[in-house]
Amino acid sequence: MKPWRIIFALFLLAATWLLRAPGLEKRFWNVDEAVTFTMAQQILTGDTPYRDAVDQRPPLAPYVQAVVFALTGDWNLHAQHAVLALMIGFTAVLLWQAARRLGDETTGVAGALWFTVFAFMLPAVRDMMPAHTAWYLVLFSTAGFWALAAVWHSGRTAWAATAGFAFGFSVLAKQPGLLDFGVALVLVVLGAAALPDRRMALARHGAALLAGFAVPVIGTGIFFAIKGAWADLVYYTWTYNHVLYVPEIPLLKRWATIRVPFDLAWGYHPAVVIIAGLAAVGLLVRVIRRCFSRPVEFDLPGWLILGWCASGLVSTTLSGRGFTHYSIQLIPGLSLACGWFTARVWVAGRNWADKK
């Protein structure tokens, strides 16, 4: 790896750490992280989530946090928040590398910088600093798309299985990770439709993607079944949400919460909304134009960014509560969209300067 890339990766980690450093000492930012921290401590005493402690979210976050407690000491919340900061910084690195693998490193660099800013500014403070399960979802979904970019770059089916494995952990972090996995599947289908000569290879990649996804999901089910908590797991992470929690809010009110990330961005800086809107229009024009070109060009980067933004937006509407931490899932796709637009402006400006 070139020295500047190592320096930039370290910069992303350091920037995220420094932005979040003032809040590392706070014991609890909100009740959501208090719940998962408590469950993590119970895991260390031999308890099993859903059987001995109740939560409506999947189990990945408390188990990761239990590992942190095991390594750093009981109730070491400074360590939990420090690990979270490094995890978010690493997500920015993966975002940059995903774009690089797709052949657009300029977008990746700009997108990683936008991600670092949005991860600190887009949610409200009470939802930006805590160890929300959405941050774990974002990490594994970004890893999934990074591995998917590797599939496209190398053609190796093993990378497709790796992508599915990462998306499986994304769903185990928070249920809307299914939306990101759905985007990955749609990208494979679109690629197969646009590129007849690669259909057999893409079919293998799709099968590997599904197989990789199944491993952590089925493994988790087996683990909780062995613990005698399978029925509890299903009830609290699925049945309760879809029978009681979500239907409490009417459908139209749930969809109205799609405005929350726009309100947040407009409140911090209206330029973000304008740049994102221009990026969406530009990317839509690009992917449609390439669909009708002869021969057809499959614009994987464009479709990936648009799909990831769409899954992030839909995730904000699922419960209808309008919590700002629901916007966290939108941050990676939004960052790449803004990164794509600013990269195009940068390249156009540089080309213009070279002609002078």
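The model is a predicted one.

## The second largest pocket

This pocket holds about 360 Å³ of space. Its lining has 15 residues. Val171, Leu172, Val217, Thr237 and Trp238 lie nearest the centre. Helix 8 (157-173), helix 10 (199-226) and helix 11 each give two or more residues to this lining.

What classes of residue make up the lining of the second largest pocket? Eleven are nonpolar, four are polar and none is charged.

## The largest pocket

The volume of the largest pocket is about 680 Å³. Its lining counts 28 residues. Nearest the centre are Gln56, Lys174, Tyr245, Ser319 and Tyr326. Several helices contribute at least two residues each: helix 2 (31-44), helix 6 (125-128), helix 7 (133-154), helix 9 (177-194) and helix 11 (230-245).

The classes here are eleven nonpolar, eleven polar and six charged residues. The lining of the second largest pocket, by contrast, has no charged residues.

## Salt bridges

How many salt bridges does the model have? The count is nine. One of them joins the side chains of Arg51 and Asp52, at 2.9 Å from N to O. Arg51 has 39% relative accessibility, so it counts as partly exposed. Asp52 is partly exposed too, because its value is 34%.

A salt bridge also links Arg259 and Asp263, with the closest N and O atoms 3.5 Å apart. Arg259 is partly exposed because its relative accessibility is 46%. Asp263 has a relative accessible area of 45%, so it is partly exposed as well.

Asp299 pairs with Arg290 in a salt bridge. Their closest N and O atoms are 3.6 Å apart. Is Asp299 buried or exposed? Its relative accessibility is 2%. Buried means under 20%, so Asp299 counts as buried. Arg290, at 27%, is therefore partly exposed.

Technical notes: Residues are numbered from 1 along each chain as its sequence is written. This is a predicted model: local features need pLDDT of at least 70, side-chain atom pairs count only at pLDDT 80 or more; totals for chains, interfaces and linings use all residues. Side-chain values use heavy atoms; hydrogens and water are left out. On a 1 Å grid over the protein atoms alone, a cavity is a set of points where a 1.4 Å probe fits but cannot get out, and a pocket is an open set with protein on both sides within 12 Å along at least five of seven lines; lining residues have an atom within 4 Å of a point. Grid points are joined across faces, edges and corners, and a volume is the space filled by probe spheres set on the points. Helices (H or I, at least four residues) and strands (E, at least two) are DSSP runs, numbered from the N terminus. Ala, Val, Leu, Ile, Met, Phe, Trp, Tyr, Cys and Pro count as nonpolar, Asp, Glu, Lys and Arg as charged, and the others, Gly among them, as polar. A salt bridge is a side-chain nitrogen of Lys or Arg within 4 Å of a carboxyl oxygen of Asp or Glu. Buried means under 20% relative accessible area, exposed over 50%, partly exposed in between (1.4 Å probe, protein chains only).
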